[in-house]
Amino acid sequence: MTLFESLRHNRRAAIGAMLFLGILLAVLPFTVGSMMGNSWLRILDFALLYIMLALGLNIVVGFAGLLDLGYIAFYAVGAYFYALLASPHFGLHLPVWLIIPGGAMLAGLFGIILGAPTLRLRGDYLAIVTLGFGEIVRIFMNNLNAPINITNGPQGISGIDPINMGGVTLAKPIEFVGITIPSLHAYYYLFLGLALLIVFVSIRLEDSRIGRAWVAIREDEIAAKACGINTRNIKLLAFAMGASFGGVAGGLFAGFQGFVSPESFSLMESVMVLCMVVLGGMGNIPGVILGGILLTLLPEAFRHGAGPVQMALFGKILLDPEALRMLAFGLALIVVMLYRPAGLWPSSTRRREFKGEGA
Amino acid sequence: MKPISAALSRDHLAMTNTSPLLIVEGLRVAYGGIQAVRGITFHVNSGEMVALIGANGAGKTSTLKALARLLDAAGGSVRYAGKEIVGLPPHQLVGQGIALVPEGRGVFPRMSIAENLLMGAYCRSDKAEIARDVDYVYGLLPRLKERAQQLAGTLSGGEQQMLAIGRALMSRPKLLLLDEPSMGLAPIMVQKVFEVIQTVAREGMTTLLVEQNAKLALEVSSRAYVMESGEITLTDDSVKLLADPKVRAAYLGE
């Protein structure tokens with residue numbers, strides 16, 4: 001962490017670190033793919049989607065301090081937007097460059113729809129309303145198959161068009177200057193690119209007037225008003241920005257998965273994304289990214305590893321890996337909150353505050 | 001509604017030469033069915049410090065919140081620099097030159113002192129002037145300068161109150177609204193906070209001070225209004241009110 005902060009002051013070291021990170025991220029799918037197989041490559045792709053989600057929720061929860069328990073609804077909006085406009089369900093096959101930005105905008109609009117009635121709410125009350133909102137969206141997806149079949153109900157929508165850019169579909173291996181890029185790798189690069197874009201936007205927002213206004217509202221709303229901040233618009237903007245990131249991730253998810261159903265957007269998913277933000281370090285972008293990576297990879301590692309390890313140790317499976325996974329996950333959360341209450345990688349301000357240091 | 005001239009003559013405006021910056025007429029504030037402020041009328045002249053004193057629950061803070069547009073007025077008019085401000089959204093008031101120091105140390109605890117001050121200049125974009133004003137505030141409050149990078153939440157109550165005043169000044173207000181600056185502070189800190197308020201007032205800042213500590217408020221202000229159950233019951237020069245036996249009995253504990 002101190003290493004990270006020292007990089008800010010040393011230009012050459014910073015460029016070197018960026019270069020190293022860039023090469024690492026570029027070769028990662030090939031190393032993971034050849035060493036650990038395709039299932040881990042898929043997990044890696046999902047980790048990038050979750051990073052986008054966590055960064056989106058971080059704007060609402062981390063920056064503006066508005067507790068949102070229904071964030072996955074915006075992911076659902078983006079995913080269903082893509083699914084409805086690029087699948088045999090309605091026979092529509094619109095191009096990706098229309099659907100993804102469109103999904104982001106629609107999700108942003110949903111963010112405002114959620115934000116507008118909750119402007120006066122904070123903390124517990126806001127959490128309950130947002131939780132309800134998330135469930136409403138999911139239940140709508142579940143039941144909008146009658147009288148007119150829009151969402152195809154619990155069966156979900158299948159056969160969704162894979163992401164197709166400029167006539168090149170990511171569903172099949174791509175030949176590119178003599179190198180064959182398999183489908184999962186191609187998705188990885190696309191997701192990585194968009195995740196980096198979202199990281200960049202997040203960093204710029206944090207340093208902007210809007211970012212400072214969000215923090216001011218989080219700290220003291222009345223004082224923020226007294227400073228001349230239009231708290232209503234700035235809060236709505238937080239909801240809209242956060243939601244639009246979720247909408248982008250949702251669209252990518254639909255194209256990647258080829259199938260969406262309401263099941264993917266349960267309350268548990270909202271809680272997971274919130275855990276990524278809180279565990280990683282609320283309001284701190286590198287922390288949130290770390291939270292997203294850890295909470296995607298570790299449960300999967302447990303799922304894949306718990307069975308074989310028990311077989312090797314005891315000769316049989318004593319505990320169901322799935323049950324064990326949730327147990328370990330809960331335990332990990334408690335331990336982190338006890339020993340690192342500000343998150344694994346908190347912002348320097350929060351770290352100072354939790355240690356009770358002055359300067 | 002009463003004509004302005006009638007309201008002003010009742011406030012013996014004739015005695016002062018300066019023009020009123022703030023004219024409040026028949027202001028009413030209600031929480032549901034309960035009237036907290038029952039049609040009060042007062043004014044603040046340019047360059048003077050006016051105190052609004054009274055017991056707990058008299059409606060002082062409700063009045064101030066309505067002026068700062070944090071609460072909706074149930075009726076009446078508030079004219080600032082000749083313009084009606086009752087319908088304006090709160091964030092626009094700062095741009096117009098009205099700055100509120102909220103009740104109970106409204107600082108941003110997880111921002112540094114320097115960041116808190118810069119938030120006060122949120123509506124301004126003149127960087128060089130902002131830097132000059134930061135220096136001015138540090139000159140006024142040297143204790144804050146020593147700790148510019150410290151988190152505001154780690155300051156003592158009195159220092160937070162001073163920071164809140166400094167932050168309000170950063171918007172270059174023409175009218176400063178102070179809500180109970182002595183609240184919850186140790187007596188020694190109250191003295192220090194009031195010294196700062198007096199310094200600011202002496203430099204010509206038009207100030208409306210809402211305060212439960214009647215003695216202090218009357219000592220620093222030039223005129224005062226006494227509020228009781230949502231109404232203004234008494235008004236005079238602060239010196240005269242300090243000597244008034246009724247005020248002494250009711251508010252100064254004699």
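Chain A has 14 helices and eight strands, where helices (H or I, at least four residues) and strands (E, at least two) are DSSP runs numbered from the N terminus. The model is predicted: local features need pLDDT of at least 70, side-chain atom pairs count only at pLDDT 80 or more, and totals for chains, interfaces and linings use all residues. Residues are numbered from 1 along each chain as its sequence is written, and chains are lettered from A and ligands numbered from 1 in the order in which they are written.

The C-alpha trace of chain A spans about 55 × 55 × 50 Å along its principal axes. Of the 359 residues in chain A, 43% are buried (20 or more other C-beta atoms within 10 Å of the residue's own, with C-beta atoms placed from the backbone).

The contact between the chains takes 18 residues from chain A and 24 residues from chain B; two residues are in contact if their C-beta atoms, placed from the backbone, lie within 7 Å. On the side of chain A that touches chain B, α8 (209-219), α9 (221-226) and α14 (348-355) each supply at least two residues.

In chain B, strand β3 (residues 49-54) is largely enclosed by the rest of the structure, because six of its six residues are buried. M49(B), A51(B) and I53(B) point one way from β3(B), and V50(B), L52(B) and G54(B) the other way. Strands pair if DSSP finds at least two bridges between them.

| Strand joined to β3(B) | Sense | Bridges |
|---|---|---|
| β8(B), residues 206-211 | parallel | five bridges |
| β9(B), residues 223-228 | parallel | five bridges |

L52(B) has V210(B) as its bridge partner in β8(B), while I53(B) has V226(B) in β9(B).

Technical notes
A residue is buried if 20 or more other C-beta atoms lie within 10 Å of its own, exposed if 12 or fewer, and partly exposed in between; C-beta atoms are placed from the backbone.
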